[in-house]
Amino acid sequence: SINANQETDTVISLNMNQNDYHTEYSSGSWLNQGAGLFVDFHFTDGCRVNHLKISGDIKLGLFENNKLTYVKKRTDPEELHIGVGGFAARTANSAGTVSFDGLHLENIDVYGGTMTGGAIGYIDGYSKAGRNVSFTNWTIQNENVTKWVNNDGSTGGLVGWNISYGILSITGNGNSSVKDVDRLSVTTHAQSFSTAAAGGLVGANDYSSVKVENVRAQNLSVSGKNLRDLGGLLAAVRNSDSFMVNNCKLNSAQITAQIKNEFKYNSVNTGGIVGYHNRELKISKVTLEKQSSINGQQYTGGFIGHSAGNVEISYCKENSVNIKTDMNWCGGFIGYLYHNCTTVIKNCQENNVNILGRYAGGLVGTIDGNIQASYVEFNNVIAVTNRSDTKCAGLITGNATSTDDSTKTPNKVNGYNILAESCKTGYSSNATV
């Protein structure tokens with residue numbers, strides 16, 4: 001353990017530029033190394049890391065004229081993941097539980113690698129041993145996490161990539177006067193489209209359960225170019241046993257996906273909470289507000305870009321939010337609901353929300369499954385399409401796709417106790433958000 005019995009912070013200021021040693025590349029390709037306070041953080045079950053405040057610069061990459069260039073993936077021999085993190089490049093060859101309590105990332109810039117996080121580059125899934133990692137009483141203030149990659153890699157404010165085969169738990173301070181996140185920027189630039197991702201707290205999550213609760217964030221920016229997944233809290237959660245987001249508030253969040261014209265028809269998932277998930281998800285008591293904006297490409301939603309699993313959204317709010325997609329599916333809470341999946345939305349409110357896409361819906365852009373809505377309030381919500389070929393817009397959904405495919409359950413739209421005031425839906429050729 002580190003500082004297990006200490007009650008005050010140990011302050012660490014880093015000035016690390018691995019490029020100074022030219023150890024990261026050979027003939028223009030990267031070697032399998034990482035950067036952080038620790039490169040490989042091996043822990044035993046019950047390990048505790050308490051009261052650390054980390055600041056400064058951590059850089060790993062190919063620098064030309066002080067600009068970090070993208071990673072050229074090596075194929076012979078095949079390149080492994082390169083982690084960069086303020087605390088550790090990766091957790092490696094460990095099993096059991098490690099807890100971080102009182103970790104503070106302040107005035108810190110983290111650059112480079114392929115799996116890049118403010119605290120941990122990636123939580124290793126080697127041998128599928130099961131690594132349980134928890135963060136409590138943490139803060140992020142004035143942090144930038146940035147990297148350039150070819151077409152793969154993941155970036156997050158706390159963890160770049162999580163493939164722990166265990167449980168990742170992130171719990172805020174639970175004090176409304178404390179901002180767990182203030183002035184955080186997470187960016188991934190990819191040269192071409194494949195699997196690159198960026199998330200406010202965590203990038204991609206695979207084969208791991210995730211729980212995020214009691215997080216208060218303001219002035220949060222998550223952006224990228226040619227990415228598959230972007231999310232305000234998490235980029236994507238795939239093949240998880242459980243996924244829960246509870247009692248969180250995001251103020252002035254800016255989630256922006258850019259893409260080259262040649263990749264614009266690819267499946268880009270952008271959400272205010274998570275870009276993509278494919279297992280059951282529960283979101284409760286979450287608020288997105290204060291001129292937050294979600295600017296996506298194909299699948300774009302206020303909370304979820306692409307939902308490929310059952311989802312329940314309850315007691316949630318959106319206030320003064322703009323949501324738009326340059327391509328197809330755009331919804332107030334969910335951009336697109338996959339076939340044979342069910343969404344339950346109850347006791348939720350949307351106030352002063354603008355939604356613009358080819359298929360624009362106040363709750364869901366397009367459903368290829370089922371939606372059950374109850375006790376939902378819309379106030380000054382505008383869902384508009386500017387595409388004359390479809391003219392699909394609605395306050396519940398912009399499109400309920402019908403199908404003759406026998407493998408797909410016929411779609412159902414059910415609801416009751418739905419109130420709307422000063423709302424508009426429809427087609428406008430010159431609509432903008």
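A: Side chains of opposite charge can pair when their charged atoms come close. Here, D182 and R183 meet through their side chains in a salt bridge, at 3.9 Å from N to O; the term requires a side-chain nitrogen of Lys or Arg within 4 Å of a carboxyl oxygen of Asp or Glu. D182 is buried, with a relative accessible area of 15%, whereas R183 is partly exposed at 41%. Buried means under 20% relative accessible area, exposed over 50%, and partly exposed in between, with a 1.4 Å probe and protein chains only.

Q: On what kind of model do these values rest?

A: This is a predicted model, in which local features need pLDDT of at least 70 and side-chain atom pairs count only at pLDDT 80 or more, while totals for chains, interfaces and linings use all residues. Residues are numbered from 1 along each chain as its sequence is written, and side-chain values use heavy atoms, with hydrogens and water left out.

Q: How many salt bridges does the structure hold, and which residue forms one with D40?

A: The structure holds seven salt bridges. D40 forms one with R90, the closest N and O atoms being 2.6 Å apart. D40 lies in strand β4 (residues 38–41) and R90 in strand β9, so the pair ties together parts that are 50 residues apart in sequence. Strands here are DSSP runs of E, at least two residues long, numbered from the N terminus. D40 is partly exposed at 32% relative accessibility, and R90 is partly exposed at 22%. D40, R90 and D124 are linked in a network of salt bridges. Another salt bridge joins the side chains of K211 and E213, at 3.6 Å from N to O; K211 counts as partly exposed at 32% and E213 as buried at 17%.

Q: Where is T91 found, and is T91 buried or exposed?

A: T91 is found in strand β9, which spans residues 88–91. T91 is buried, with a relative accessible area of 0%. Leaving aside neighbours within four places in sequence, T91 is in contact (heavy atoms within 4.5 Å) with F41, F43, I120, Y122, I123, D124 and R131.

Q: Which residues have the most contacts inside the largest nonpolar core?

A: In soluble globular proteins, nonpolar side chains tend to be buried together. A nonpolar core is a set of buried Ala, Val, Leu, Ile, Met, Phe, Trp, Tyr and Cys residues joined through side-chain atoms within 4.5 Å. The largest one has 97 residues, and F100, F135, L158, L201, F303 and I313 have the most contacts inside it. Strand β25 (residues 243–258) gives the most to this core, with seven residues.

Methods: Helix = DSSP H or I, 4+ residues; strand = E, 2+ residues; numbered from the N terminus.
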